[in-house]
Amino acid sequence: MNKMSDTPDNTLPEGQDAGDTSGRRRFLAGAGAACASAALISVLGPAVAKDGPSGSFPTADFDWEKHNWGYGIDANKCIGCLRCVDACKNENGVAKDANHFRTWVERYVYLEGAKRPLIDSQSHPDNIAVSAPNASRFDDRYKNEKVEKAFFVPKMCNHCENPSCVQVCPTGATFKTKDGAVLVDKEYCIGCQYCVQACPYGARYFNEIERRADKCTWCYHRISKGMNPACVEICPVGARVFGDMNDKNSPISQFLKDNRVLSLKPEMGNRPTCYYIGIDKEVS
Amino acid sequence: MEAVHAAAEAIYHVTPYTGYVYPNETVVPWSILIVIYPYLTGLVAGAFTVSSLFHVFGIERFRPVARFALIAALCFMVVVPVTLLSHLGHPERAFNAMITPHTTSAMAIFGYVAGFYVILLMLEIWFMFREDIVYNAQNDRSWKRPIYRLMTLGSYEINDKTRHYDHKWLLTLAIIGIPASHGLHGYVGFVFGSLKSRDWWSSDLMPAIFLFSAIVSGVSVLIILYMIVSLVRRVKIDEDCIKGMVLALWGFLMFTVLLEGVEFFALMYRAREGIDIIREYKSGPLFWRFAIMQIGIGAVLPVIIMSLMVYFKTSGRKLMVGAFICAALVLTSVIFMRYNVVIGGQEISKTMKGLLSYEVPFFGQEGWMAAIILLSTPLVFMYVLTRFFNPWIESAKSHAEALAHAK
């Protein structure tokens, strides 16, 4: 509990307030203003509705219609240092326990002669045991084994084009921004957790402190100011790539041009906008 | 880290697992409250079915329980939203789903469907008991009289014309109620069946399975309540009525077992990705919950007992005992079914490479105690409501006259 409450800020980053600009909020703002000022009712309603992302948006010069974010993960490069996991928790005030993650890293190990890999993530109790609060680690349980093949796969919200979580949300509290991120309006979420159930990737969790659904935002508060998400920023090997797919010179555009990419669980029809290279058939 | 875990455990329940599961899956999102939610709506749909078999389909042998069935349906129904509200992270925001319903969400429609159905049930009960309300408003000498007077809504007129009018409304509401109650419960099945993220839920048969298991649970709860109330009231149990309900239970139960069997075997036989983990689950923790309790003892055994009862034309005391046992077994089966669907689905990891083993705590918001309280509340409501509306007599007036005559 101590650890959970002494995170720098348990409220969501300001970027999450992008929800303010969603259609519903605009409608309500418009309706409220119209009621207050009956004389302006015919003018104000549509005027507010047309007002677009500026107005209440936290970053004045950011226009979400001009961007189309994408995320690339090169599993060949990942060394499983888990700095991304810790950076994410620090940046976003995620509970520092083994059960709440906006991003995590999976370790796949094929022992000699084995048909299936052994899989664990940093949240495995043995890995927790060798970790410090702000320095997650994978243990060395395979050091005496004969390992044939091993690799790490970072996981996170796939910010799908057809997100199941957005489809099932009964209130519209979770929504897709015009620049491609899937966010949660923390003031509007009723905490039913239908989205947590619907996500095929296990990317969502229930935030017990705020009693609502929570997930990766691609550090929306950072990307809308021209910065990288914390996980991308900290990755020492460049396994995580982020950028604007509208910009041909962005890292993600280069990544997509240079590689034949895969997405996780394509059979779900969610069309993720997190693209992978270097993963194995056993990764799902 | 140990301290963090210990403290965190105080707010949420961490579920142990085997194999590989996504880290976030270790906190199971839907627990026992979501198990009793479909259980209660099922009882509603089933009780309403029995009432409709009399009011709409005109099956005379259901007359003794037809009026009570509606009251039972209402009492179960009003607790349904309470189970959901108790589960929400922000119950005070629940109306967000009704103010700004998200049209693509299967869950968004719940408030409207449930609200509509509660109003329909209340109206139907009012029309059914209108003559009694008017009679009591004029003749009752107790503290209840002002309440009866209020419930007349100012209309004291009772004659052939009003009777015809009341009956017409009763029939109309009962007819609308059939798709409404079955839609409500089929919809609950859809909430699970439409999720592609879990193979255990993702099935086109889910709404149908929910619906038929609902009907059998509703018939069973009426058999049990009717018998217990009759014993308490020291009146003779209508044998023909029990026989009718046993036949209905028998028929619907066979179909339910068939649907559940088809769904399960199709899942096993298709053997898609992740089948290994489903096989492991089926022969592990699920074995006694599904094969033994839900299907074996809870469904197949009562089908056999009732088949024998039907074949041997069992009657009298044996019929009563048999019906009671079968009804109790079916109610047990259905709660196991709800548990196996809701909790079962979450125990099979979305990775399809691991299993979680959730255990319902006793105390707390998502504990057994909360579930037991919520499941008992409808019985309290039924007790109170039947003080005002006596469903066991044809009409308050004839009952009073018969009593006066007896004196």
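Colleague: Why does S121(A) count as buried?

Modeller: Its relative accessibility is 2%. Buried means under 20% relative accessible area, exposed over 50%, and partly exposed in between, with a 1.4 Å probe and protein chains only. So S121(A), at 2%, is buried.

Colleague: What should I know about the model and its labels?

Modeller: This is a predicted model, where local features need pLDDT of at least 70, side-chain atom pairs count only at pLDDT 80 or more, and totals for chains, interfaces and linings use all residues. Residues are numbered from 1 along each chain as its sequence is written, chains are lettered from A and ligands numbered from 1 in the order in which they are written, and side-chain values use heavy atoms, without hydrogens and water.

Colleague: Where is S121(A), and what is it in contact with beyond its neighbours within four places in sequence?

Modeller: S121(A) lies in strand β3 of chain A. Strands (E, at least two residues) and helices (H or I, at least four) are DSSP runs, numbered from the N terminus. Contact means heavy atoms within 4.5 Å. Among the contacts of S121(A) are W104(A), F138(A), Y20(B) and P23(B).

Colleague: How many residues does each chain give to the contact between A and B?

Modeller: Chain A gives 62 residues and chain B gives 47 residues. The two chains bury about 4500 Å² between them. That is the accessible area (1.4 Å probe) lost on being put together, summed over both parts. On the side of chain A, N99(A), Y194(A) and Q197(A) lose the most area, together 18% of what that side buries.

Colleague: How many salt bridges join chain A and chain B?

Modeller: The count is 0. A salt bridge needs a side-chain nitrogen of Lys or Arg within 4 Å of a carboxyl oxygen of Asp or Glu. The side of chain A that touches chain B has 28 nonpolar, 17 polar and 17 charged residues. Ala, Val, Leu, Ile, Met, Phe, Trp, Tyr, Cys and Pro count as nonpolar, Asp, Glu, Lys and Arg as charged, and the others, Gly among them, as polar.

Colleague: How do you know that V221(B) is buried?

Modeller: Its relative accessible area is 10%. The limit is under 20%, so V221(B) qualifies as buried. V221(B) sits in helix α8 (residues 206-233) of chain B. Leaving aside neighbours within four places in sequence, V221(B) is in contact with L43(B), F76(B) and L331(B).

Colleague: What share of chain A counts as buried?

Modeller: Of its 284 residues, 58%. Chain A has 10 helices and 10 strands.
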